[in-house]
Each structure stands twice: as C-alpha cells, then as structure tokens.
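Here's a guided look at a two-part walk through a protein model. Have the viewer open as you read, and pick out each piece as it comes up.

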Amino acid sequence: MNRLPLSRVSRAVLVATLGLLAIPACSDDDDDRTFASANPDPGPGVPDSGTPDSGTPDSGTPDSGTVWPAEFSCTDAQRTTVTFNPGQEQALQNEVNELKPCTTIQLGAGTFRFDNAVTIRQDGITIVGAGRGAQGEGTGGTASTVLDFSNAASNTNGMDVIGKLFTVRDLALWNAKKDALRVENSANVFIQRIRTEWAQENNPDNGKYGIYPVKSRYVLVEDSEAYNAADAGIYVGQTRYTIVRRNIAKKNVAGIEIENTKYAYVEGNTAIDNTTGLVVFDLPGNPIKGTDILITKNIITGNNRPNFASVTTSSSTVSQVPAGTGTFILASRRVEFVGNTWGDNETVDIAVLSGLSIEPNPVLWAAAFYNFASADVSIHDNTFTGGSGGNIDHGAPSMTLRPLGFLMSNLYAYGKAVHGVERVEHVLWDGIDPYPRNETIANGVNICFVNNTLPASSKESVVDLDLMAVTAKLTATTPDPTGAWAETRRYNQGVAPFNCSGFSPALALP
Amino acid sequence: MRAPYMTRLGLAAVLFAAAVAACSGGNDDPPGGDNPPDSGNHDSGTPDAGDSGTPSTPDAGPDAGPDAGEPDAGVDAGTDAGTPDAGLPEGTVTIPNKLSELGLFTGSPATSDFQPVAGNIPYELTTPLFSDYSLKSRTLYVPAGKAAVYSASDVLDLPVGTIITKTFAFPADFREPDKNVRPLETRILVRQPGGWEAYPYVWNDALTEADKAVGGKVFKNFEFIDAQGVAKKFDYLVPQRNQCQKCHHVVDEQDNQQLLPIGVKARYLNRDHVYDGQTLNQLQHLADLGKLTGLPPAIQIPRAPDAFNTAEASLEIRARTYLDINCAHCHNPKAQPGITSRLFLDIKTTDEFSLGHCKRPGSAGNGVGGEFDIVPGDHSTSILWYRMNTEESGKMMPEIGRALRHDAGSQLIADWIDAMTPRTCK
C-alpha cells in the first residue's frame, strides 16, 4: 500500500525541488495582510425579484468597510433585459450563446427543460428566476423557476459559466448530468438564493457538485441550498476571496467544501445529514495555498449519511471520509472556528489532518509551496452539544474504502473496552504536523481549543492521535492495540498545550 | 482520507518542511486596498511542472492567437465569403443565418450535389478526432490574395478571412458508408480580425439548407448501424457556440481563453487527397495554389501516422498520435483542463509523469477504474483508458463530442498501456 515513497523519488528531483525553495518567492510572505472586509456589492441595476425566503437578511449586511474590487462593471446604457418563459428553451439557448455584455436574463416561473447545458461566456450577465422553490421540487410553480436537466445529453453540466460580474439568483437547477452550477475562471460572482438538487438520494451517479465556483475571484454564495450531490453540495475551490453564508447543505457526501482557497468567510450555514458537514482542505498539485479561513456561526450536526461516493477505485478525497465527520480540515492553515455548533456527528466533530495523510510524497505538493502541513487552527467559543464520536463511520467501517475510519474504529473499540473511553473526543488531531513528529515539542501545529461550551458528559476534548504510530502498531503483522492506544494523548479543554490563544496575526474579522 | 504511509520519508521531508515553513504560496493583493485587484494572472511565480522535461519549443499559442491590430490591407474583393459590414474592422466576415449564404458550397445534400466551390479546398487528416463515428468532410477557404504560413509543429498561421468548415454526417449503415448519408451539421471556424470565431449550422430535415444554430441542437435517440451491423442509438450533440471553446481554446497570458483550430497542423495535413482525379499531397497542393507559404521540402515536413495503420508507425507513436489529436487540445499545458489536471497528452510531452504514468488525478471522482491515470502494463486499472472506454455520463472523456465508445481507439490505448514495462505505482 505504500504510495510513491520518497526513497524512490530520484535524488535529482529532490535536489531540483529543494533548489526551488530558495527562489525569492519564499520571501514573498503575505500572511500578514489583513483579512478582507466582506462586503460585496452586486452592483446597481440587479433586479431584486420577489424573495421567496423573506426573513433572511439580504446581501450587503453585515459589514462595513472596504468593498471587493470590481473587475468588470456595467453602465446603465449597456444594461438590457431579455425574458424567457418555459417552452422557450431553444430561444434561450440561442440567446445565451450570443449575449452582449451586461444582459439580464429574466426567467419566468415554471419548469424549463433542457437537453444541453446552459453556457454563459460573457461578462456582466445576470440570470434571475422567480424563486428557487423548496427541497424536493423538480418542477417550478407560480413563484419558482426550475431548470430541469433530467433529459440533457450525457456529460453536460447544468449551468456552465465563465465571465466577470456574473449573478445568478432565485432559481433551481435540477438533476444536472454533472455539476449543477459550474463557474470557472470568473470574478465578481454572486450566487444568491438558488437551489441545486438531484432527485435521488444516495446515488453515486448524481452530479458531483451542486454549487461549484472554481478558479475564481470575489465569489459570494448566499442563501442557497444544495442537496444530494455525490461530492460536495457547495464547493468553493481554487479561489481567492469568498463569502459563503446562510446556505443549507443536506444529503450530500460533503456539505460545504472550501478547497485550496485564500480568504474565505464562511458564516451562518447549516450542514446537516451529509457524510461530512463542512470541510476545509488543500489538495496536492494545486497552485493555490489555502489560508485565512473564518468559519463562524455555522450549524454542523448529524452528518452521518453513509458515504455514497465511497466505491472501489474511488480516488476522490471525500470518497474516503468516514460517515459522521462533522468537520475536517486538511493541509490547511490559519483557520478560525468561532460561534459554531457541532453535535451528533458519529465519528468526530472536528478532525485536523496533515496533507501527508492523503499524499505522503512532499514533491507532489510543490505546486503550492509544499502546502501539506496543517497549522494555526483556532477553535474557540463554539458549542458542542454532544452525541458525537460514539459510532465511527456510522458503524460500518471499511479498511479498503475508508481506512482512517477503520483504524479509528479499531482503536476506540479497544479504548472503550479497556479504558472506558466511550467516544472520540471533540477534536481529533492526527499528530503529524509539523513533520516529523517531535515528542518534545507539544502542539507544534498550534491548534488552540479554548472557551468552548461542552456537554456535561464530555471528558477529554482533544486527542492527539499520533496516527503514524497508531497505524504502524495496528497494521503490524501482529496488531498491537495496547501499544497503539498508549501512543495517543487526551486533553481537557483549558490545559496545555491546546490552551493557546490563536495565531498571529489574527484574522481581520469583518 | 487514507492512512498515512510515511515511514520512509526521512530526512528529506524534514528539510522540506523546515525550508518551506517561511514560505507562503501565491501573491495576492488584499481587496479594497490601493492596489488594483488581482488581475487574474494569479499563477505566476509558481513552478510550471508541465514544462519541465519538455523542450522549450513554442507552444500552439503564439502562432494561433489572434493577430488583432494587424491592418490586413489585403484585398478581399472577388470572394463570396461574406462582405465586411460598415463599422466592423476591415476583413470581418459577416456570419449569415444560412450556410448557403456563405457561398462556400453549391448544391445540397438533398440533391446529392453538395460540393465546395473552387477555392474552398477539401482536405483530410491523417488521424482524425473521433466524434461518435460521424463521417467528416473538411474544407479550407483562404481569401484571395492571402496565404497561410507554414508551421512545423503548431496550427498553420491562417490569415484573416479564412473559413474552415467541417460537415458531420452518418450513413444509415456503415457497411454501406456511401449510401443514405445524412449530414447533421456543418461547423465553421472563421478567422476574424479579432481572432477565431466558431458557429454551428444544423441541416434541416429536407437537407436543403443548414441554419445557424448558435444554441446548438441535440438529435435525441439518433440511430445508425455500425460497421459490424450493430444498431446504435445515442444523443448526437451539436455544440452550442459557447461549447466550441471547450475543445478549441488556448489560455493566454492574461488567463483568458482564445479560440483556435485544432487539426490544421502540418503533421495531420501531410497526406494525399484526390483533387479533380489527381492524387496530390495536401500541403503541396495548398502551396501550389499559393495558399501556403514557407513549406519546406517534403522530407522535412513532419507527418502524424494513421493511428490505425500498423504499417505506418510503431504502437507507441500511433497511440501518442491518437492521444494528441483526441485529447491534447485540452490536455496540454496551455489549455484549461491541462492546467487543472496537469495531465499532458500532447505529442511534445515526454515526461512520463505528465503523461499520466503512476499519476494520481487531482479530482477524478468516483469509480473511474483505478487510482492512477496510467498504470504501466495494466490498462484495466488505468483511469485514462477507463474514461476513454466508458460510456457513463460524467466519467467519459472527452468531455464533449463523444457519447459512444471508439472501440478501435480504446483498444489502441489498451495495447499501448499493456506494452509498457509494468509498474505497480504503489
């Protein structure tokens, strides 16, 4: 099972790669920049059509201060609006393929049925429906617009966008063959009050992503819903500057995923009933080193859905996540969790992992300056409601499909039997970073866990799993659970070494 | 998440970790500051792994990119191919609603006399891109008084006003490929003053005219009988204008996608075609007509083999040719999917890892046959082969333009992978 161990990587490659470390980019440290004030402005002229979800605050709140820069803007003279109703799908398709900049496409209420993706390759485009409807609705009503891709040609996305100053709001994307909304290489993107959904639950052939802005800048995703995606309901990836707020993600493999992204503000979302609720990670080979992530006021509970992406020969990261993982962060840094609620996540509420746990060859992390290490994770003033960590991988662990869950399951079965540890602690750290592990330096990774509200039943709150040592002992020819358990360390909240006060400089909160 | 397997990492990893501790990736300006926003050129400064190991030959971009700003004083008179509108840059081709109005063809398929006009030169490729077994007929129109410029490795540098056409058709039964041939669409690529533009035209049911269809069209449940006599049924997708760019693009320095042709490269054009009963080399014919300059002696012109003619080249070269024409328009260092996946299947790439050997994909998704793009010696666990071979939505490659398996192509790549020195990739 060893994958590309370093010893097989040619010495020449190593030398060359080490040489790269010396280039001036190393001194180009921008981590001391202030965090952006999150205050996007969709710009004038965007029609504020009837809000189906009155009661939720609208965009523009809650902040003051600087505004994201606009990479494109529309003058009033440029703005035009075209309107389409159900039945005019081909006319709509013709229109979107010859759009002038700054066109608003108004979609009437009802169901639009497409046999191909809706592709947009223009700047300043707004597409607005009559409302996103409710979960489970595959057809539009009098106050909702559903774009139905059930009969679309195979291998097509739902809405497929490249453009600056793009807005989509008040509509639903139903049964897309691939991703429901894919926005790529774009800037100033406003995704507001939409719904992405597949009709069938737990179907590995559903599209991978619901809301999928990628390789973009200045992306807002708010007041939207995502259901039944076979990878992530809401994904923001390879992006700089994003706000993800007040969204609902349910019944996906991963509810909300922030990947290889810098400057993300993730507030007030609800991630329930996914395999894993809200995750932050970098993948190897990607040039953006994710950092400066604020996760606040989110509800991340009851994410125990069996991993329906987890089939043999899966190579995606989330396909290997054990069910019941509330949050995991991997190869991530400068992540602050404050004011969130976790509970009833059967494997663990929060796991903090090294990128080396999925790709042990550091050379393959070269594209983003060897960003495999997690560091600077501040978890403070959150609420843990309990009920988590007592039924790892929803009671169905698999060594071949989800090995981490399998190892944890074995380890905690021993811990329960011999030491009376009934549940995985609220925060699991794999004990890998900074690699290699140095037992004399406690908490070199700088995880801080303070001032959180814990259930009365909680014993220790943080576990240093020393996963490498545990793995070695549990997978030895003669497995050694006693020795494995002895490698782990458990800590109460408020005691060293996890009672630190965050990282410096702190995120500049909006 | 996988269990870690790092027991052998050792000192080198320590060095890495220590050395990079002070590094930060990227180079961003904070929003709202005095500085202008990130201009989009956000990848500068990161090492470009894809270029390592490949010779520093120019890529397709420079030659194929738009030559905007060139005054194009060449006389356009005497051609039927559109007339410049007042107010548009000189040389702009007006895109008509009907294919016939381009003046590049006479007759129609309805009367079996659909023919290119003189000056609209038919050509074939040595190995074509597979498109659901459709028969393709191609023409190249270069305006009077102008000529293409030869390039040894890139797309020919075609002048403003050039129109490339490709008509996609199916016979009812591939065992009789000349009978009951039904054209579905004709796509055109037009070299405008500002760059290339693409337009699909869909043939009407009477086959008397093809109408511009920028929104594309899906022929649901289209049927034909294949060369083995097996009935096939599938959704034939005429791409939308926006979807043309999915294959036909190169990412420029500003991170924008620019449209460009794919097949009109010397090595694919370097073959014979029958012109008025005379068998001629296509490139030489273009040169003889004054439509191509800079053509070197025949011996110096590269030639891609027919990927399915074992007499023409080795298995290795035939397989790489197939990948080049079918995959490399996306999987190259200057196209978006290549940039994202770091899998480069163009003929210039020599580095085995970039070609997919034991390369783990960034995000291939689930159930795509294996963990690595290519497991040398074993096509059955290679994702590259799996994605070519499958007809499952969301898993098959290319992303667009294929709904059916290309049996011969799939077999060629299987044979190629199986002939490699086996590695476990573990």
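What follows goes through chain A and then chain B.

This is a predicted model, in which local features need pLDDT of at least 70, side-chain atom pairs count only at pLDDT 80 or more, and totals for chains, interfaces and linings use all residues. Residues are numbered from 1 along each chain as its sequence is written, while chains are lettered from A and ligands numbered from 1 in the order in which they are written.

## Chain A

Let's begin with the domains, whose bounds come from an automatic or database domain assignment. Chain A is split into domain 1 (38-216) and domain 2 (253-501). Their C-alpha centres lie 34 Å apart. Domain 1 of chain A gives 4 residues to the contact and domain 2 of chain A gives 4 residues; two residues are in contact if their C-beta atoms, placed from the backbone, lie within 7 Å. On the side of domain 1 of chain A that touches domain 2 of chain A, there are 2 nonpolar, 2 polar and no charged residues. Here Ala, Val, Leu, Ile, Met, Phe, Trp, Tyr, Cys and Pro count as nonpolar, Asp, Glu, Lys and Arg as charged, and the others, Gly among them, as polar.

Now for the core. A nonpolar core is a set of buried Ala, Val, Leu, Ile, Met, Phe, Trp, Tyr and Cys residues joined through C-beta atoms within 7 Å. A residue is buried if 20 or more other C-beta atoms lie within 10 Å of its own, exposed if 12 or fewer, and partly exposed in between, with C-beta atoms placed from the backbone. Which residues touch the most other members of the largest nonpolar core? They are Leu147(A) and Leu181(A), out of 217 residues in that core. Strand S9 (residues 164-174) of chain A gives the most to this core, with 7 residues. Helices (H or I, at least four residues) and strands (E, at least two) are DSSP runs, numbered from the N terminus. Leaving aside neighbours within four places in sequence, Leu181(A) has contacts that include Val168(A) and Leu173(A).

In S9(A), 11 of its 11 residues are buried.

| Partner strand | Bridges to S9(A) | One facing pair |
|---|---|---|
| S6 (residues 126-128) of chain A | 3 bridges | Ile127(A) and Val168(A) |
| S7 (residues 145-148) of chain A | 3 bridges | Val146(A) and Ala172(A) |
| S11 (residues 187-197) of chain A | 9 bridges | Trp174(A) and Glu197(A) |

Asp170(A) also lies in strand S9 of chain A, and its phi is positive, about 60°, although it is not a glycine. Is Asp170(A) buried or exposed? Asp170(A) is buried, because 28 other C-beta atoms lie within 10 Å. Asp376(A), in strand S28 (residues 375-380) of chain A, is another non-glycine residue with a positive phi, near 55°. Asp376(A) counts as buried because it has 21 C-beta neighbours inside 10 Å.

Next, find helix H4 (residues 467-474) of chain A: 6 of its 8 residues are buried, so it is largely enclosed by the rest of the structure. The cover over these buried residues includes helix H3 (403-419) and helix H5 (481-487) of chain A.

Chain A has cis peptide bonds to look at too. One joins Asp433(A) and Pro434(A), with omega about -10°, and Pro434(A) sits in the loop between strand S30 (427-429) and strand S31 (447-450) of chain A. Another joins Ser504(A) and Pro505(A), with omega about -5°.

## Chain B

Over in chain B, the domains are domain 1 (60-300) and domain 2 (315-418). Their centres, taken over C-alpha atoms, are separated by 26 Å. In this contact, 23 residues of domain 1 of chain B meet 18 residues of domain 2 of chain B. The side of domain 1 of chain B that touches domain 2 of chain B has 12 nonpolar, 7 polar and 4 charged residues.

Chain B also has an open sheet of 6 strands, in the order S3-S4-S6-S7-S8-S9, with antiparallel pairing. Why is one side of strand S3 (120-123) and of strand S9 (210-212) of chain B left without a neighbour in the sheet? Both stand at the edges, each with a single partner strand, so one side of each has no neighbour there. Further in, strand S4 (residues 135-141) and strand S6 (residues 163-171) of chain B run antiparallel and are joined by 7 bridges. Leu135(B) stands opposite Ala169(B) in S6(B).

Technical notes:
Pairing = 2+ DSSP bridges.
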